[in-house]
Amino acid sequence: MIDRRTLIAGAGSAVAASVLGAPLASAARRSGGAFPKGFLWGTSTAAHQIEGNNINADLWVIENLPGTMFADRSGDAANSFELWPTDLDLVKGMGLNSYRFSLEWARIEPDKGHFSNAMLDHYKAMIDGCRMRGLHPAVTFNHFTTPRWFAAQGGWQNPEAPDLFARFCDRAARHLAGGIGHAMTLNEPNLSGVIGEILPRQLMEGDRKMQLQAAKLLGVASYSPGVNLWVENAAVYRANQMEGHRRGAAAIKAVRSDLPVGVTLAILDDQAVGQNSMRDRIRERYYGEWLRLAARTCDFLGVQNYERKRWDANGALPPPEGSPRNGGGAEVWAGSLAGAVRYGWEATRLPIIVTEHGVNSDDDALRAWLIPAALKELKAVMDDGVPVQGYLHWSLLDNFEWGFGYHHRFGLHSFDPKTFKRTAKPSAAVLARIARANRV
Ligand code: BGC
């Protein structure tokens, strides 16, 4: 299986980091590269990708099916369910001041309507642990995976889904909201149900078969997990996620009205090339309705960017020859983050937090190059007046990259799958240096 964003971005051949060139001429350093006081510097993670043994999550069933398309089972992951204090120490040790992580709904509500105080306390300890270390907790209430029972009742296609999510948000907020710095409802819901349009048929068909197989195994009519390529009814899925976000955000606000609440969207830097470029149609298709909803319901927008895409009148152009590529073959272009941030702000006029940006690569030199190069571009956009409040790098650790398992690596740290010992990569020091200086 393949990840959703890489599919949007397309593929190509990999080249070494040594060919990296200057990305954007426009990176003027108008204010000497200094970021505003209080700028959030952090790393991002998601529960299912690092915690391990998330056995009540929808995806556990899919990963463990005989003949699954997943490259690996999530298994122990980085064992961050136990080792979260170590992880927070790593973040603090880098001189960062923020940590984004997600609540695992499947742990907090392992059976429908039964909430676990012990698990809520677990996440409360993490939030307190952030605060004790001077880290601003940015908490995603739902990062893709849902409880197994939720998927078995139709997932986001169940008419009850928005209420079920809002009830979860209410319970979690009542336990946790006091310590949270920024709250996010859903992660990248703008890709739900539209990704299939550009997928090779066999991937969609494979995913559909896995969902049918899971339904059969569990003796239910359908099984719709939160990580998917195929959904039966995209319009219903999307409408329910939008309503879930609305009600979830309202539930969090009802508990703590001064807590900034947002949503995170996957935004490519889509660039128009030539006359009649299809760029604007693509933007409307992939981001339009979510950007409008965010503008009405959010205090900030989380922008997640990894790539750019150039569109002419007929479609996407291949990456320029010789351009640096990520581990999946897509182009790595340092200006893409700034372009996506500018677009997200122009469309919503909301303050922006970069809630994810990074690169899938075994070549850490590429990551070490990308971080300062992208931040220079981001700073230039900020100097133009775009209000960016933070940069949270994806990711603190190598982790379970969904369908790619442990074969795609985004981490500033690697970990040993037996001892779980974390090891910093050189790029961690690069981000640390920028964050400590608060300048690039
Ligand atoms: C997701 C992460 C994922 C990352 C890298 C984003 O789409 O939010 O869960 O690991 O990008 O692919």
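These legends walk through several close-up views of a predicted model. Residues are numbered from 1 along each chain as its sequence is written, and side-chain values use heavy atoms, with hydrogens and water left out. Because the model is predicted, local features need pLDDT of at least 70 and side-chain atom pairs count only at pLDDT 80 or more, while totals for chains, interfaces and linings use all residues.

View 1. A disulfide is a covalent bond between the sulfur atoms of two cysteines. Here it is taken as a pair of cysteine sulfur atoms within 2.5 Å, and the count by this rule is 0. Take Cys130: its closest cysteine sulfur belongs to Cys169 and is 19 Å away, too far for a bond. For the sulfur of Cys169, the closest cysteine sulfur is in Cys298, at 12 Å, which is again too far. Cys130 is buried, with a relative accessible area of 0%, and Cys169 is buried with a value of 0% (buried means under 20% relative accessible area, exposed over 50%, partly exposed in between, with a 1.4 Å probe and protein chains only).

**View 2. Helix 12 packed against helix 13.** Helix 12 covers residues 336-348 and helix 13 covers residues 364-383; their axes are 7 Å apart, at an angle of about 30°. That makes the two helices roughly parallel (angles under 35 degrees count as roughly parallel, over 145 as roughly antiparallel, 65 to 115 as roughly perpendicular and the rest as oblique). Axes are lines fitted to C-alpha atoms, for helices over the stretch in contact, and angles run from 0 to 180 degrees between N-to-C directions. Helices (H or I, at least four residues) and strands (E, at least two) are DSSP runs, numbered from the N terminus. Look for Leu337, Ala338, Val341 and Arg342 of helix 12 against Glu377, Leu378 and Val381 of helix 13, where contact means heavy atoms within 4.5 Å.

**View 3. Helix 10 beside helix 11.** Helix 10 and helix 11 (residues 279-297) pack at about 20°, with axes 11 Å apart, and so are roughly parallel. Arg238, Gln241, Met242, His245 and Arg246 of helix 10 meet Arg285, Glu289, Trp290, Leu293, Arg296 and Thr297 of helix 11.

**View 4. Asn240 and its surroundings.** Asn240 sits in helix 10, residues 234-255. This side chain belongs to a buried residue, at 12% relative accessible area. Leaving out residues up to four places away in sequence, Asn240 touches Trp156, Gln157, Asn158, Pro159 and Pro162.

**View 5. Asn305 in strand 7.** You will find Asn305 in strand 7, which spans residues 300-305. Asn305 is buried, with a relative accessible area of 0%. Beyond its neighbours within four places in sequence, its contacts include Ile267, Asp269, Leu337 and His357.

**View 6. Backbone spots worth a look.** Most residues other than glycine have a negative phi, and most peptide bonds are trans. Ala77 has a positive phi, near 45°, and lies in the loop between helix 3 (58-63) and helix 4 (80-93). Glu188 has a positive phi of about 50°, in the loop between strand 4 (182-187) and helix 9 (201-218). The peptide bond from Trp394 to Ser395 is cis, with omega near 15°.
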